[in-house]
Amino acid sequence: MKADLHCHSYYSDGNHAPDFLLKRAAENGITHLAITDHDCTTALEKPLDDYYGLQLIPGIEVSCQWETQEIHLIGLGIDWENTELKNILYKQQTARRSRCEAINQILEANGIEGLLDYLDALASTTFTRSHIADFLVLSGHTKNKQKAFKQYLGKKGKAYVPFTWIPLYEAINAIHNAAGLTVLAHPGRYSLNKRKLEALITHFKANEGDGMEVSYGGIDPLMQRHLEQLAESASLFISVGSDFHNAEAHWTDIGKFPTPSPAAIKNAIWNHPRWHF
Ligand code: AMP
Ligand code: MN
Ligand code: MN
Ligand code: MN
């Protein structure tokens, strides 16, 4: 078994169709792929012609709130037809759309027109700041996406709109009620010091979170070891995923993240009693 349990399609802020993701995963030797779009399950709802011999695991990446932090929660093996989960995702999608409208107003006040028309022409179910960054680059207002975040969309940018997501514990409960397992996404990517990261993991475990990612795109070996130790001491299962978005940009390719240590693999999420793929 070789799993990649985190990637995005063009129904959120990835650049490719689900079919492309499966094909690429198969080419890269993956046997189990979870598509985990931001706050939407559209990729899972559409029938596919070919699975390229892969097991597709229905997934989700929910943007959540923990204290002042935005935290991403992966759901694996979800029943995407579950009403509670559907309602939550619909709420987040609507709120995301309102955030885009608020950002659009600020952009217009800065002489930048056309964001909403750009978004309406996309296939995406969820709109992220990544889409807005693309718009700023394509319309010639910034040189690249990094600059779009720095100048406009990041916390210090002039079009930053603060946002409150669903509380982390509520998203954990909803994913459990929809038959899924819950995994803390890329724990080393949040701006948390050592003590705060430990507090997050304690909170996650206390609220019955199941696992945490210990390997993902861009992680360095020291962080990976640190996360493996944290997972072990919190008795959390470990998970892995590329967080692939786009073959034409800097993103780590499907399956191309560092392998966890053999000790950590023993506690992989696919060994969880409720895993059935
Ligand atoms: P949102 O969920 O709307 O806040 O959008 C966040 C998305 O934007 C993430 O999922 C990333 O794919 C992307 N993103 C965040 N920060 C950056 C950055 N500095 N440069 C490029 N993309 C970014
Ligand atoms: Mn993204
Ligand atoms: Mn994420
Ligand atoms: Mn992601």
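A charge sits over a ring if NZ of Lys or CZ of Arg is within 6 Å of the ring centre and within 35 degrees of the ring normal. The legends below describe close-up views of a predicted model.

**View 1. R99 over the ring of F163.** The charged end of R99 sits 5.2 Å from the centre of the F163 ring.

View 2. Another manganese ion (ligand 2) is 4.8 Å from ligand 4. H8 belongs to the loop between strand 1 (3–4) and helix 1 (18–27), and E61 to strand 3 (residues 55–66), so the pair ties together parts that are 53 residues apart in sequence. H8 is buried, with a relative accessible area of 0%; E61 is also buried, at 1%.

**View 3. The aromatic pair of Y118 and F135.** The model has four aromatic pairs. In the one formed by Y118 and F135, the rings are tilted, with 45° between the planes and 5.6 Å from centre to centre. Y118 is in helix 4 (residues 115–120) and F135 in helix 5 (residues 129–138); the pair links distant parts of the chain, 17 residues apart. F135 is buried, with a relative accessible area of 6%.

**View 4. The aromatic pair of W275 and F277.** These two rings are arranged edge-to-face, at 75° between the planes and 5.4 Å centre to centre. W275 is buried, with a relative accessible area of 10%, whereas F277 is partly exposed, at 27%.

Terms used: Residues numbered from 1 in each chain as written. Chains lettered and ligands numbered in written order. Predicted model: local features only at pLDDT ≥ 70, side-chain atom pairs only at ≥ 80, totals over all residues. Heavy atoms only, no water. Donors = N, O, S within 2.8 Å, 3.2 Å for Na, K, Ca; no water. Helix = DSSP H or I, 4+ residues; strand = E, 2+ residues; numbered from the N terminus. Buried < 20%, exposed > 50% of the residue type's maximum accessible area, 1.4 Å probe, protein only. Phe/Tyr/Trp six-rings, centres within 6.5 Å; stacked < 30°, edge-to-face > 60°.
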